[in-house]
Amino acid sequence: MKVVTFMQEYDVIIIGAGLGGLTAGAKLAKEGKTVLLVEQHHKVGGCATTFSRKIAEKKVVFEIGLHEMDGLAYEFDPKKRVFQDLGVHDNVSFARVPEFYRFTNGRVDVTVPDDISTAIRVISDAFPDEKEAIESFFYGIREIFGFLVEGNLEKLASVSQMSVGEYLDNLTTNEDLKFTLTGNLGYYHDDPYTLSIIFFAAAQNSYFSGGGHFIQGGSQTLSDYLAKVITDNGGTIVLRHLVTRIITEDGTAIGVIYVPKRHMDQQLTAKGKIILVNAALPNVINNLVPSLSDSTYQQTVNSFKIACSILSVYLAFSKPPSTLVPQHVYSTFILPENLSSLKDLYSQERSNDFSKKGFVFVDYSMIDSRLNEEDIYTGALCCVDYIDHWAALTSYEYSTKKESVAQTLIQRLNQIIPGIQDIISYSEVATPKTIVRYTQNPAGTAYGFAQTPDQIGPMRTSIRKPPIKNLYCASAWTGSGGFSGAIMAGYSGALKILKDNW
Ligand SMILES: Cc1cc2nc3c(=O)[nH]c(=O)nc-3n(C[C@H](O)[C@H](O)[C@H](O)COP(=O)(O)OP(=O)(O)OC[C@H]3O[C@@H](n4cnc5c(N)ncnc54)[C@H](O)[C@@H]3O)c2cc1C
C-alpha cells in the first residue's frame with residue numbers, strides 16, 4: 001500500500017467553493033477551525049458567480065445565474081440567522097425585485113405580485129370565474145408550508161406523494177390558470193407532474209412571504225464576501241485545483257489529494273480531521289472515494305434522478321429594453337401559444353426544438369443591480385435544457401447550434417418586446433456543457449437531484465451523510481437547489497460538524 005505523506009494539516013478541508021462550501025467554510029473559520037477550501041475553477045462561487053467581457057472598449061459584467069433569491073424580507077426566513085452570524089448584511093446589499101414574475105403565453109398576460117393577497121386579486125382579475133380555485137391554491141400552499149415549519153408529518157403525509165400538476169388538477173380545469181400559477185416552474189424543475197407539491201409550496205411561499213432579491217453587484221459579491229470571511233479568519237482558499245481523491249483509512253476520511261488544473265501530474269496532499277464535500281455528490285461517491293464502490297450508499301445515490309440543466313443567453317443592450325414597450329418587468333416567463341395543457345409542458349421542455357420551449361427573460365436594468373456603470377444594460381434569456389442536446393456535437397456543430405438557439409430565442413423575445421433584437425449589442429450562450437465545465441456538476445445541473453416526491457424528505461435526508469467517518473456533505477445535492485438551499489445546506493452542515501466533533 002502506498003503511504004501518503006501529508007503536506008499540511010487542517011481541522012476541515014472543503015471540496016468546492018459553491019455557496020454551500022463557502023457558507024460552511026465561513027462559519028467553521030469564524031468558529032476558530034483551520035479551514036482549507038479547494039476549488040477547481042479560477043474563482044469562488046460555483047453557480048453564484050459573474051463574468052465580464054470587453055464590449056466597445058467597456059468592461060461589461062454579466063450575472064451567471066441569479067434572477068431572484070427567495071425569502072429575504074420574511075421575518076422567519078432561516079437565512080436571517082445565517083446572514084446575521086456571518087455579517088452578510090453589513091457587507092453585501094440587496095435590491096428587491098418589484099414583482100414576482102410576469103407570465104405570458106399569447107392568451108394570458110399576468111404580472112404576479114410577490115404577496116399572496118395581491119396575487120390572489122390580480123390573478124382573479126385575469127380569471128374571474130376561478131377565484132375560489134385561486135384562493136384554494138394560495139391558501140393551500142401556505143398551509144403545506146406551515147405543516148413543514150411545524151414538522152407536522154401527519155398532515156404532510158396526505159400530500160407527500162403529490163405532484164404540483166396533480167395538486168392543480170384537483171383545483172381547476174382551466175389550463176391557462178395552471179400555467180399562470182406555475183409560471184416560474186423552471187426555477188425548480190422541468191415537469192409539473194413530477195415536481196413535489198411540498199417542495200414547490202415551500203419555495204413559492206418563501207417568495208410570496210419575503211419577496212425576491214438580487215445581490216447588488218451580482219452573486220459574485222456574496223461569494224467573494226463569504227470567501228473573505230474564511231481568509232480573514234485564518235482559512236486558506238486554493239483556486240484552480242481539483243480534488244481527485246478523498247483519502248480514507250479504516251472507514252475514516254483523513255485527507256485529500258488535489259492537483260493543479262494546469263499540471264495534473266503534480267499531486268498535492270492535505271490532512272483533515274473533517275472533509276466536507278460541496279462538489280457534486282455523484283462525482284464524489286463514484287470517483288473520489290474508492291471504498292464506497294459497490295456500497296449500498298453508492299447504489300442509493302446513483303438511483304436518484306438528477307435535475308434538469310439550464311441554457312442561458314447573456315445579452316447586452318445599447319439602451320434599456322423598458323424604453324421599447326409600456327408594459328415591462330424584471331422577469332418575464334414565456335410559453336408558446338400552441339401549448340394548451342399543463343400535461344404537455346414537459347414534452348415540450350424536453351424537446352431539442354428551441355422554438356417550442358418555455359423561456360424566461362430577466363432584465364437587470366429594471367432594478368438597481370449595480371452590475372455595471374449606469375449606461376450599461378444587461379439581461380439574460382434562460383430555458384430548461386439537457387446535456388444530451390449538446391454533448392455529442394463536434395465543436396463546429398456546437399458553436400453553430402449555439403448561434404442558432406440564440407437567434408431563435410431572441411426572435412421569440414422580439415415578439416413580446418418588439419424592437420429588442422435591434423438594441424442587442426452582444427450575446428453569448430452558455431449550455432449545460434458550460435455548466436459542467438465550470439462546476440463539474442453531472443448533466444450540467446445547477447439544482448442537484450430532482451425535487452420529485454420520492455426524492456425529498458426522508459429519502460434526501462438518508463443520503464446527507466456518507467457512511468465514512470468524518471466525511472460530510474453540504475450542497476444543492478444534499479439540501480435543495482437554489483441559493484437558499486445551498487446556503488442553508490452549508491450552514492447546517494457546519495453546525496453538524498461542530499456539534500459532532502468539537
Ligand atoms: C443559470 C442559472 C440560474 C440560476 N438562477 C437561480 C435563481 O434565480 N435563484 C436561485 O435561488 N438559484 C438559482 N440558480 C441555482 C443556484 O445557483 C444553485 O443551486 C446553487 O448556487 C448551487 O450551490 P452549491 O453550493 O450546491 O454548489 P455549486 O454552485 O454547484 O458549486 C460546486 C463547486 O464545487 C466545485 N468543484 C466540483 N468538483 C470539484 C473538485 N473535485 N475539486 C474542487 N472543486 C470542485 C465546482 O467548481 C463549484 O465551484 C441558478 C443556477 C444557474 C446555473
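User: How do you know that the length of helix H9 (residues 197-210) agrees with its 14 residues?

Analyst: Happy to check! The expected span of a helix is 1.5 Å times one less than its number of residues. For the 14 residues of H9 that should be 20 Å, and the end C-alpha atoms lie 19 Å apart, so the two agree. The helix itself is a DSSP run (H or I, at least four residues; a strand is E, at least two), numbered from the N terminus. Bear in mind that this is a predicted model, where local features need pLDDT of at least 70, side-chain atom pairs count only at pLDDT 80 or more, and totals for chains, interfaces and linings use all residues. Residues are numbered from 1 along each chain as its sequence is written, and side-chain values use heavy atoms, leaving out hydrogens and water.

User: What makes H9 "mostly covered"?

Analyst: Buried means under 20% relative accessible area, with exposed over 50% and partly exposed in between (1.4 Å probe, protein chains only). In H9, 13 of the 14 residues are buried.

User: What is found at the start of H9, and what just after it?

Analyst: At the start, a side-chain oxygen of Ser196 comes to within 3.0 Å of the backbone nitrogen of Ile198. Just after the helix, Gly211 has a positive phi of about 70°.

User: What makes S11 (residues 241-249) and S12 (residues 252-260) a pair?

Analyst: Two strands pair if DSSP finds at least two bridges between them. Eight bridges join S11 to S12, and the strands run antiparallel, so they meet the definition. Glu249 has Thr252 in S12 as its bridge partner. Two residues lie between the strands of this hairpin, where Asp250 takes a positive phi near 50°.

User: Why are S8 (109-112) and S18 (424-430) called edge strands?

Analyst: The open sheet has seven strands in the order S8-S7-S15-S16-S17-S14-S18, with mixed pairing. S8 and S18 each have a single partner strand, so one side of each is left without a neighbour in the sheet. From one strand to the next the twist averages 20°.

User: Which helix packs on this sheet?

Analyst: Helix H14 (residues 395-416) does, touching strands including S7 (101-104) and S14 (309-317). Contact means heavy atoms within 4.5 Å.

User: How is the protein chain divided into domains?

Analyst: The bounds come from an automatic or database domain assignment: domain 1 is 8-66 + 218-304 + 450-501, and domain 2 is 94-215 + 309-385 + 391-430. Their centres, taken over C-alpha atoms, are 29 Å apart, and the contact takes 25 residues from domain 1 and 28 residues from domain 2.

Note on methods:
Axes fitted to C-alpha atoms, helices over the stretch in contact; angles between N-to-C directions. Polar contact = N/O pair within 3.5 Å; in protein donor to acceptor, adjacent residues only side chain to side chain.
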